[in-house]
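Here is a short tour of a protein model, written for someone who likes to know how each value was defined. Have a look at the fold before reading on.

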Amino acid sequence: MSDHGELNLVGMNYDKDRPKAERPLLIEDISLRDGHQSLFATRGRTEDMIPVAEQMDDIGFWAVEVWGGATFDAMHRFLGEDPWERLRTLKRYFTKTPFSMLLRGQNLVGYRNYADDVAKLFIKKTVDNGMEVFRTFDALNDYRNFETVVPVIKECGAHFQGCICYTLTEPRLGGEVYNLDYFIQKAKDLEDMGADSICIKDMAGLMSPYDAYELIKAIKENVKPLIHLHSHFTSGMSPMTHFKAIEAGVDIIDTCMTPYAYRTSHAALEPFVMSLLGTNRDTGFDIQSLADINGILEKEVLPKYKHLLDDTKVSMIDINVLLHQTPGGMLSNLVNQLREMDALDKIDQVYKELPRVRKELGQIPLVTPTSQIVGTQTVNNVLFDTDGKRYNMITAQVKDLCYGLYGKTSVPIDSQVQAKALKGYDRGETPITCRPAEVLEPELEKARAEIGDLAVDDEDLIVYALFPVTGKKYLMQKYGKEQVPEALKPITLDDVEKQNLMIEKAKKGELVEKSALAQRPEKSENARTFNVFVEGEYFEVGVDEVGGAPVITYAAPQAATAAPAAPVAGVVAPAAPAVQAPAPKAEPRAESAPAPAAEGTPMNAPMPGMVIRYEKNEGDTVNEGETVVVIEAMKMENALPAPASGVVRGIKYSSGDNVAKGEVLAIIE
Ligand code: CO
């Protein structure tokens with residue numbers, strides 16, 4: 001055993017005032033970021049973090065991760081919450097434990113490299129709002145994408161934690177690309193950049209216990225900063241992997257509180273606390289306090305999120321990740337995407353195509369945003385490629401990757417794919433080799449001019465600069481210029497109880513269809529929608545209030561998704577049945593709006609998504625193949641070409657609108 005990590009039993013006093021271990025294992029709790037991001041599609045609300053915040057602050061964590069990754073996006077897009085406000089609010093409760101965030105290098109908390117001016121302001125404002133540890137990664141492990149943010153992190157006096165994305169091309173550590181030497185070199189590079197600590201980020205849970213031992217030991221021997229391990233549970237190996245890492249001398253590990261642990265999330269904290277009790281790596285944590293926190297989470301918080309858990313499987317372990325190395329989050333995205341496109345039967349083709357696409361795109365690690373880039377392109381290839389002709393629909397992000405806008409790939413991109421992607425690419429057909437942000441024009445002043453007075457401070461400006469479409473929508477809501485949609489509002493435990501009652505009714509067959517369509521009342525504007533889950537089936541139930549009692553106006557079975565829209569709150573308790581409420585009726589909703597009757601060639605949405613922008617206006621002339629509209633699906637942009645030459649008519653959507661598959665985006669006459 002290495003002298004770094006020798007694990008010894010040193011005492012038998014297990015109460016909470018036990019003597020401090022010689023070298024306690026340090027723990028970062030990541031329940032409030034990666035925990036709910038992994039299990040509940042990042043839908044955790046600030047108000048549900050507050051009940052445990054002060055107690056968590058007392059535990060003695062090295063840091064708590066509360067921000068970054070997908071939180072910024074999900075909060076403004078799906079929760080109607082100001083991401084900055086979460087930091088300020090939680091800071092009032094966490095007075096001792098440093099805050100940590102996941103920073104996607106020059107991607108910040110978005111899906112592309114932003115210009116240097118945006119990156120610098122983002123870091124400054126994040127520190128101003130209470131951030132202390134910046135866990136910084138780059139999806140390609142190209143540390144040139146750290147060159148702008150790291151000096152700002154350091155100037156602000158914050159902790160720079162450099163990340164190495166852990167990925168494999170073989171079942172175990174090794175092979176041509178991702179071998180021990182690769183990771184040691186990356187650790188040395190980070191040390192040279194001034195990393196205060198180094199994190200190995202195993203986002204897909206691919207690291208096996210013995211590889212962890214070898215890797216951690218080797219890195220500890222080669223560099224001085226603290227070594228931190230982040231390894232997802234997905235494959236089921238992570239508790240063993242962490243334990244071998246502890247034996248190899250790892251300094252810090254990431255864990256979650258039990259209700260946020262396991263599945264595609266992380267190992268739970270409590271078994272580590274118990275396993276290390278009385279050893280020289282004893283965490284020193286009070287197991288009773290942890291149990292108290294778990295109690296609150298279990299009773300007061302998690303019932304509001306349980307419906308977001310992917311309960312289609314009994315198994316907690318995703319065996320596919322061992323077979324296909326497809327990270328859990330990416331896999332559920334792929335499945336959702338295929339399901340929405342009625343192509344779930346193509347999943348095996350997707351598994352086959354994925355390693356091929358990854359290899360062609362430079363054998364890159366799969367982590368946001370590269371997991372989306374590779375995943376979406378794989379789905380596009382499976383769905384839209386025709387015999388022998390591949391890459392028929394290339395996303396804007398794949399083009400950017402081929403141009404070098406994300407950085408240098410681990411191995412060169414396939415030259416044919418690259419040439420095809422860059423044909424007619426607006427920045428030019430010759431890829432760049434410099435640091436990507438060097439070719440990006442400053443973005444801040446342009447964003448400031450575009451958003452104008454709607455951005456009251458720099459924090460607002462950043463929301464817009466990072467997410468122009470959804471960020472603007474959010475700012476309109478924040479300042480009362482647009483109503484906050486019901487679907488974005490939180491639910492209460494009361495609502496959960498009412499939903500459970502509804503499920504009970506459905507199970508007993510009381511949500512029955514009423515035959516006389518004529519008796520169906522008009523759905524009013526006040527109707528609120530519930531998602532009701534019954535044994536794998538999912539119903540959208542609209543509840544309308546008439547004369548003081550809720551009336552069910554429709555109950556439509558929905559395609560189940562792993563992360564359905566958050567159910568909404570606030571149905572009034574059934575008062576005394578003053579009104580003879582019409583019996584609930586169930587009726588499947590129309591698939592999608594019928595195509596408007598018009599001459600010409602309709603442009604149907606090939607996939608569900610959000611309209612980013614129309615590149616042509618009503619009445620413009622287009623040539624076949626020219627881009628008419630750009631839609632975003634799985635966070636990736638797809639430029640949709642005109643199916644024929646002619647005049648553009650029938651545009652009924654605008655930027656920010658969601659469209660279903662098959663909806664008519666325009667008609668070419
Ligand atoms: Co993670």
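Of the 669 residues of the protein, 56% are buried, meaning under 20% relative accessible area with a 1.4 Å probe and protein chains only, while over 50% is exposed and the range in between is partly exposed. This is a predicted model, in which local features need pLDDT of at least 70, side-chain atom pairs count only at pLDDT 80 or more, and totals for chains, interfaces and linings use all residues. Residues are numbered from 1 along each chain as its sequence is written, and side-chain values use heavy atoms, without hydrogens and water.

The protein has 21 helices and 19 strands; these are DSSP runs numbered from the N terminus, with helices (H or I) of at least four residues and strands (E) of at least two.

Now to one helix pair. Val118, Leu121, Phe122 and Lys125 of helix 5 meet residues of helix 19, including Leu461 and Ile462, where contact means heavy atoms within 4.5 Å. By class, this contact of helix 5 with helix 19 has 7 nonpolar, no polar and 3 charged residues.

Finally, the peptide bond from Thr368 to Pro369 is cis, with omega near 5°. Pro369 sits in the loop between helix 14 (347–360) and helix 15 (370–384).

How values were computed
Nonpolar A, V, L, I, M, F, W, Y, C, P; charged D, E, K, R; others polar.
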